[in-house]
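These are my notebook entries on a single structure. I set down what I looked up, entry by entry.

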Amino acid sequence: MQEQYQSGFELEVNAPCSLNYLILIQNIYLNSKNKDIEKPLFPYVDGSAWGLLEEGFEETFAEVWREAVDKNSKNYMYDHNGVLQLDKELYQKLFQDNESGYSESVKFFLAWWNGFHGKIAIEAVFDHDKMEKVYKELAASVKIDKRLRIHLLYDKTVLAVRSERPWYAVVAIEEIFIHKKRPKLISELLKSCVDL
């Protein structure tokens with residue numbers, strides 16, 4: 001998207017399978033630890049048969065998250081069809097020695113993700129109008145001909161830190177959808193528009 005600006009600044013937006021899978025696993029874990037929560041996170045399912053780690057889950061999740069973000073930020077082809085199988089050693093770290101549990105979690109995720117209610121719905125939140133507004137706000141400040149890659153998540157990360165890298169950002173859809181969060185979003189995205 002370049003529209004009426006003389007800038008070569010561009011936005012590339014998509015919703016990566018790998019990071020959204022991790023958000024799903026995070027939310028199932030958090031729901032299992034907070035059964036009395038008034039507003040459970042999506043999805044609210046019993047994942048106990050999957051054999052998620054009981055000890056050290058949060059630390060392991062943060063490590064897996066960081067590695068998955070690094071792989072996504074360095075290689076735009078990393079998150080392709082089959083990433084959860086091709087790099088399953090990374091994601092299986094969140095499970096006890098239970099390959100069938102991991103496989104079931106992937107099937108569960110893909111049943112949602114590959115439908116209209118998964119990836120397509122998430123990417124649709126950042127429609128042309130919202131994208132144009134964010135682009136114009138960023139382009140007014142960014143005076144360099146580069147592309148900012150934004151990866152959309154269906155929910156926010158709780159167990160990991162923000163994931164910005166040079167010219168790469170991970171954003172929960174609520175940060176785009178909820179107007180009052182936009183100034184903070186723009187500020188965070190501008191921090192990603194730098195070379196190290």
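Leaving aside neighbours within four places in sequence, which residues is tyrosine 21 in contact with? I found Leu84, Tyr91, Phe95, Tyr102, Ser105, Val106 and Phe109, where contact means heavy atoms within 4.5 Å.

Basis of the entries. I am working with a predicted model, in which local features need pLDDT of at least 70 and side-chain atom pairs count only at pLDDT 80 or more, while totals for chains, interfaces and linings use all residues. Residues are numbered from 1 along each chain as its sequence is written, and side-chain values use heavy atoms, with hydrogens and water left out.

Entry: tyrosine 21. I placed tyrosine 21 in helix H1; helices (H or I, at least four residues) and strands (E, at least two) are DSSP runs, numbered from the N terminus. Its relative accessible area is 0%, so tyrosine 21 is buried. Buried means under 20% relative accessible area, exposed over 50%, and partly exposed in between (1.4 Å probe, protein chains only). I also took the C-alpha separation of tyrosine 21 and lysine 33, which is 19 Å for 12 residues along the chain.

Entry: asparagine 27. Helix H1 also holds asparagine 27. I noted a relative accessible area of 0%, and asparagine 27 is therefore buried. Apart from neighbours within four places in sequence, asparagine 27 is in contact with Leu41, Phe42, Pro43, Tyr154 and Asp155.

Entry: backbone exceptions. I recalled that most residues other than glycine have a negative phi, and most peptide bonds are trans. Phenylalanine 42 and proline 43 are joined by a cis peptide bond, with omega about 0 degrees. I located proline 43 in the loop between helix H1 (17-33) and helix H2 (57-74). Tryptophan 167 is not a glycine, yet its phi is positive, at about 60 degrees. The loop between S2 and S3 contains tryptophan 167. With 8% relative accessibility, tryptophan 167 counts as buried.

Entry: H5 against H6. At what angle do helix H5 and helix H6 pack? I read about 60 degrees for H5 (residues 99-113) and H6 (residues 116-125), with the axes 5 Å apart. Axes are lines fitted to C-alpha atoms, for helices over the stretch in contact, and angles run from 0 to 180 degrees between N-to-C directions. H5 and H6 are therefore oblique to each other; angles under 35 degrees count as roughly parallel, over 145 as roughly antiparallel, 65 to 115 as roughly perpendicular and the rest as oblique. H5 contributes Ala111, Trp112 and Trp113 to the contact, and H6 contributes His117, Gly118, Lys119 and Ile122. I sorted these by class into four nonpolar, two polar and one charged residues. Here Ala, Val, Leu, Ile, Met, Phe, Trp, Tyr, Cys and Pro count as nonpolar, Asp, Glu, Lys and Arg as charged, and the others, Gly among them, as polar.

Entry: tryptophan 112. Tryptophan 112 counts as buried at 12% relative accessibility. Not counting residues up to four places away in sequence, tryptophan 112 touches Phe42, His117, Gly118, Ile122 and Tyr154.

Entry: helix H9. Which residues of helix H9 (residues 182-192) are buried? I listed Arg182, Leu185, Ile186, Glu188, Leu189 and Ser192. Seen down the axis of H9, these buried residues fall within an arc of 165 degrees, so they line one face of the helix; the arc is that of the directions from the helix axis to the C-beta atoms. Pro183, Lys184 and Lys191 are exposed on the other side of H9. The cover over the buried residues of H9 includes helix H7 (128-139), strand S2 (147-153), strand S3 (168-172) and helix H8 (173-177).

Entry: cysteines. I searched the whole structure for disulfides and found zero; a disulfide is a pair of cysteine sulfur atoms within 2.5 Å. Cysteine 17 counts as buried at 12% relative accessibility. Cysteine 193 is also buried, with a relative accessible area of 12%.
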